[in-house]
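I set down what I looked up, entry by entry.

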Amino acid sequence: MKQFVIKAYDVEGKLDKRMEVRPRHFEGMEKMKEHILCAGGMLDDDGKMIGSLLVMEFENREQLDEYLAHEPYVVEHVWERIEVERMNVVIFDKEIIRERI
């Protein structure tokens, strides 16, 4: 399995839209939970949500792209810019995963 870090930035001024879409986003996250290692909202200095950060695991990039194509924050234009990088997770749930080092 390959790990990916996804940084997704909201369209400026879309906090209300984010909150409207959030229940559908969480429904999707529930369906994808086997792929999620860590996820949460990114905050500005005032604690306001400005995007999302996810660490996910898939067999390949195509599976990740398929997830993103159906992600409610993408479909409903909450996320403006998405950055994806490969990651090598070596600490998970406070444990070192030595076979990945």
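Entry 1, terms. Before I speak of residues standing opposite each other, I note that two strands count as paired if DSSP finds at least two bridges between them. I also note that the model is a predicted one.

Entry 2, the sheet. I asked in what order the strands form the sheet. I found four strands in an open sheet, ordered S2-S3-S1-S4, with antiparallel pairing. Strand S2 (36-43) and S4 are the edge strands, and each of them pairs on one side only. I then looked up the angle between neighbouring strands, which are turned by 15° against each other on average, direction ignored. For background, I recall that strands of a sheet pair through backbone hydrogen bonds, either parallel or antiparallel.

I followed S1 to its partners on both sides. Eight bridges join S1 to S4, and the two run antiparallel. Eight bridges also join S1 to S3, again antiparallel. On the S3 side, I recorded Leu53 as the bridge partner of Lys7. On the S4 side, Phe4 stands opposite Arg86, and Asp10 stands opposite Trp79. I next asked why S1 can be called largely enclosed by the rest of the structure. The reason is that seven of its nine residues are buried.

I located Asp10 in strand S1 (residues 2-10). Leaving aside residues up to four places away in sequence, I listed what Asp10 touches, including Met49, Ile50, Gly51 and Val78.

Entry 6, charges over rings. I looked for charged ends placed over aromatic rings. That of Arg86 sits over the ring of Phe4, 5.9 Å from its centre. The charged end of Arg81 sits over the ring of Tyr9, at 4.0 Å from the ring centre.

I asked how many aromatic pairs the structure holds, and I found two. In one, the rings of Phe58 and Tyr67 have centres 6.4 Å apart and planes at 25°, so I recorded the pair as stacked. Phe58 is buried at 1% relative accessibility, and Tyr67 is buried at 7%. In the pair of Tyr73 and Trp79, the ring centres lie 5.4 Å apart and the planes stand at 65°, so this pair is edge-to-face. Tyr73 and Trp79 are both buried.

His77 lies between helix H3 (72-75) and strand S4 (79-87). I noted a positive phi of about 60° for His77, although this residue is not a glycine. With a relative accessible area of 54%, His77 is exposed.

Notes
Residues are numbered from 1 along each chain as its sequence is written. This is a predicted model: local features need pLDDT of at least 70, side-chain atom pairs count only at pLDDT 80 or more; totals for chains, interfaces and linings use all residues. Side-chain values use heavy atoms; hydrogens and water are left out. Buried means under 20% relative accessible area, exposed over 50%, partly exposed in between (1.4 Å probe, protein chains only). Contact means heavy atoms within 4.5 Å. Rings of Phe, Tyr and Trp (its six-membered ring) pair if their centres lie within 6.5 Å; planes under 30 degrees apart count as stacked, over 60 as edge-to-face and the rest as tilted. A charge sits over a ring if NZ of Lys or CZ of Arg is within 6 Å of the ring centre and within 35 degrees of the ring normal. Axes are lines fitted to C-alpha atoms, for helices over the stretch in contact, and angles run from 0 to 180 degrees between N-to-C directions.
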